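Trainee: I have a new structure open and want to learn how to read it. Where do we begin?

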Amino acid sequence: MKKCRVLIVEDEQSVADALRIIMEDEGCDVSVAISGLDGLEQDARREFDLAITDVNLPDVSGLEVLRRLRESSPPRPVIVITAHYTPEIVSAAKEHGALAVLPKPFFPSDIINLVRQVFSDMDGVSQG
């Protein structure tokens, strides 16, 4: 398997650090963006295999980041995390193509299982 490239868009430093550590432990190359615009700029410069974004960011909404990453070519799988886990947010995220929506705080195993699923699916596509 090629080394996975993950973009984390999270303005809360402790959450960004935890996600970075989880992803690096999975063998991923991780970039962290502290705002929605920063995340979109990083994605424009470098193609990522997966993004994890918070909904509430200081500039561009995480739902807008999700929408734009899903519209990019190729579309990026995106996991959405939020401290404001409501039916409206879940519905909006799913409508824009989120792979999953996880409430904060989340269990590391929840993220790990989703990431493994994404990269297992990618390996199947690249080998098939």
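Trainee: How many disulfides does the structure hold?

Mentor: First, remember that this is a predicted model. It holds one disulfide.

Trainee: Which residues form the disulfide?

Mentor: Look for two cysteine sulfur atoms within 2.5 Å. Here Cys4 and Cys28 form the pair, with their sulfur atoms 2.0 Å apart.

Trainee: Which parts does the pair tie together?

Mentor: Cys4 sits in the segment before strand E1 (5-9). Cys28 sits in the loop between helix H1 (13-25) and strand E2 (29-33).

Trainee: Is the disulfide left-handed or right-handed, and why?

Mentor: Check the torsion about the S-S bond. For Cys4 and Cys28 it is about -95°, so the disulfide is left-handed.

Trainee: Are Cys4 and Cys28 buried or exposed?

Mentor: Cys4 is buried, and Cys28 is buried too.

Trainee: Now the helices. What describes two packed helices?

Mentor: Two values do: the angle between their axes and the distance between the axes. Take helix H2 (residues 36-45) and helix H3 (residues 62-71). They pack at an angle of about 15°, and their axes are 9 Å apart. Angles under 35 degrees count as roughly parallel, so H2 and H3 are roughly parallel to each other. H2 passes H3 in a right-handed crossing.

Trainee: Which residues meet there?

Mentor: From H2, they are Gly36, Leu40 and Asp43. From H3, Val65, Arg68 and Leu69 meet them. By class, this contact of H2 with H3 has three nonpolar, one polar and two charged residues.

How values were computed: Residues are numbered from 1 along each chain as its sequence is written. This is a predicted model: local features need pLDDT of at least 70, side-chain atom pairs count only at pLDDT 80 or more; totals for chains, interfaces and linings use all residues. Side-chain values use heavy atoms; hydrogens and water are left out. Helices (H or I, at least four residues) and strands (E, at least two) are DSSP runs, numbered from the N terminus. Buried means under 20% relative accessible area, exposed over 50%, partly exposed in between (1.4 Å probe, protein chains only). Axes are lines fitted to C-alpha atoms, for helices over the stretch in contact, and angles run from 0 to 180 degrees between N-to-C directions. Angles under 35 degrees count as roughly parallel, over 145 as roughly antiparallel, 65 to 115 as roughly perpendicular and the rest as oblique. A crossing is left-handed if the near helix is turned anticlockwise from the far one by less than a right angle, and right-handed if clockwise. Contact means heavy atoms within 4.5 Å. Ala, Val, Leu, Ile, Met, Phe, Trp, Tyr, Cys and Pro count as nonpolar, Asp, Glu, Lys and Arg as charged, and the others, Gly among them, as polar.
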